[in-house]
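This report describes a protein model strand by strand and then turns to a helix and a surface patch.

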Amino acid sequence: MRKNQEIKNRDLVVLVNEQDEEMGLMEKMEAHQLGLLHRAFSVFIFNKEGKILIQRRAAKKYHGALLWTNTCCSHQQLDETTMQAAKERLMAEMGLACPLFEVYKFQYKEYVENNLIEHELDTVLVGYSDVDPDINPLEVADYQWISLMELLQWMQREPESFTIWFKIILPKLLTTFSNISPN
């Protein structure tokens with residue numbers, strides 16, 4: 001399905017203020033160089049065993065290359081809702097389609113490699129699937145289903161193996177996860 005899908009160009013970001021009011025558009029790289037606040041989303045997929053689907057970012061990513069992270073993430077475009085963007089990106093990166101629901105939004109600002117700054121108003125979404133992904137090698141180097149306990153232990157041993165946003169989002173997601181159910 002994904003291989004025949006036209007993948008949306010996501011070279012722009014929607015700049016916002018702290019109240020999530022649109023302030024304009026900017027080229028993605030420039031926004032990350034200047035550290036300007038913009039919309040983003042992060043998707044987490046779980047299976048019926050409670051394992052989380054994580055991906056290792058492709059080697060050619062402009063930051064976070066070859067680091068492990070959540071199932072997928074990207075930036076909404078001006079002409080789409082967060083849900084539309086998340087579903088499109090989940091298919092484009094992982095070849096997966098499943099219902100998603102919004103869990104929470106949060107803002108963060110962190111310096112990352114290549115002199116870039118992640119300053120995002122991030123919407124976190126969760127979905128459930130038992131289907132193995134059909135990864136897009138331009139976006140994803142590898143994937144795995146992993147138990148939360150194994151993941152947390154790995155993150156504690158090797159924090160440098162994970163993206164900065166994943167290390168920020170996961171603890172908060174787990175504190176709200178008891179309220180999340182696949183039904």
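## Strand β3 and its two faces

From strand β3 (residues 38-46), the side chains of H38, A40, S42, F44 and F46 point one way, while R39, F41, V43 and I45 point the other way, and all are buried. Here buried means under 20% relative accessible area, exposed means over 50%, and partly exposed lies in between, with a 1.4 Å probe and protein chains only. Because nine of the nine residues of β3 are buried, this strand is largely enclosed by the rest of the structure. In a regular strand the side chains alternate between the two faces of the sheet. Strands (E, at least two residues) and helices (H or I, at least four) are DSSP runs, numbered from the N terminus.

This is a predicted model, in which local features need pLDDT of at least 70 and side-chain atom pairs count only at pLDDT 80 or more, whereas totals for chains, interfaces and linings use all residues. Residues are numbered from 1 along each chain as its sequence is written, and side-chain values use heavy atoms, with hydrogens and water left out.

## Partners of β3

Two strands are said to pair if DSSP finds at least two bridges between them. Strand β3 runs parallel to β8, with nine bridges joining them, and in this pairing F46 stands opposite Y128. With β6, strand β3 pairs in the antiparallel sense over three bridges; S42 of β3 faces C73 of β6 there.

Strand β4 is also antiparallel to β3, and two bridges join them. The bridge partner of I45 in β4 is L53. The hairpin of β3 and β4 has five residues between the strands, and G50 takes a positive phi near 85° in it. G50 lies in the loop between β3 and β4 and counts as partly exposed, at 34% relative accessibility. Although G50 and Y128 are 78 residues apart in sequence, their C-alpha atoms are 9.2 Å apart in space.

## Strand β6

Strand β6 (residues 72-74) contains S74 as well as C73. C73 counts as buried at 15% relative accessibility, and S74 is buried with a relative accessible area of 11%.

Contact means heavy atoms within 4.5 Å. Leaving aside neighbours within four places in sequence, C73 is in contact with F41, S42, R57, R89, E93 and W165. With residues up to four places away in sequence not counted, S74 touches R10, A40, F41 and R89. C73 and R39 are 34 residues apart in sequence, with a C-alpha to C-alpha separation of 11 Å.

Strand β8 (residues 116-128) is mostly covered, as 13 of its 13 residues are buried. L116, E118, E120, D122, V124, V126 and Y128 point one way from β8; I117, H119, L121, T123, L125 and G127 point the other way.

Besides its parallel pairing with β3, strand β8 pairs in the antiparallel sense with β7 (residues 100-112) over 12 bridges. One of the facing pairs is E110 and its bridge partner in β8, E118. Three residues lie between the strands in the hairpin of β7 and β8, where N114 takes a positive phi near 65°.

## Helix α3

Helix α3 (residues 148-157) has L148, L151, W154 and M155 among its buried residues. Seen down the helix axis, the buried residues fall within an arc of 125°, so they line one face of α3. The arc is that of the directions from the helix axis to the C-beta atoms. The exposed residues M149, Q156 and R157 are carried on the face turned away from the buried side of α3.

Which elements cover the buried residues of α3? The cover includes β3, β4 (52-57), β5 (68-69), β9 (140-146) and α4 (164-176).

## A nonpolar surface patch

L12, L25 and L78 make a nonpolar surface patch of about 250 Å². L12 is in strand β1 (residues 12-16) and counts as partly exposed, at 37% relative accessibility.

Patches are made of residues with over 30% relative accessible area and no salt bridge; like charges are joined within 9 Å, and nonpolar side chains (Val, Leu, Ile, Met, Phe, Trp, Tyr) within 5 Å. A salt bridge is a side-chain nitrogen of Lys or Arg within 4 Å of a carboxyl oxygen of Asp or Glu. Accessible areas come from the Shrake-Rupley method with a 1.4 Å probe, and for residues only the protein chains shown count as cover.
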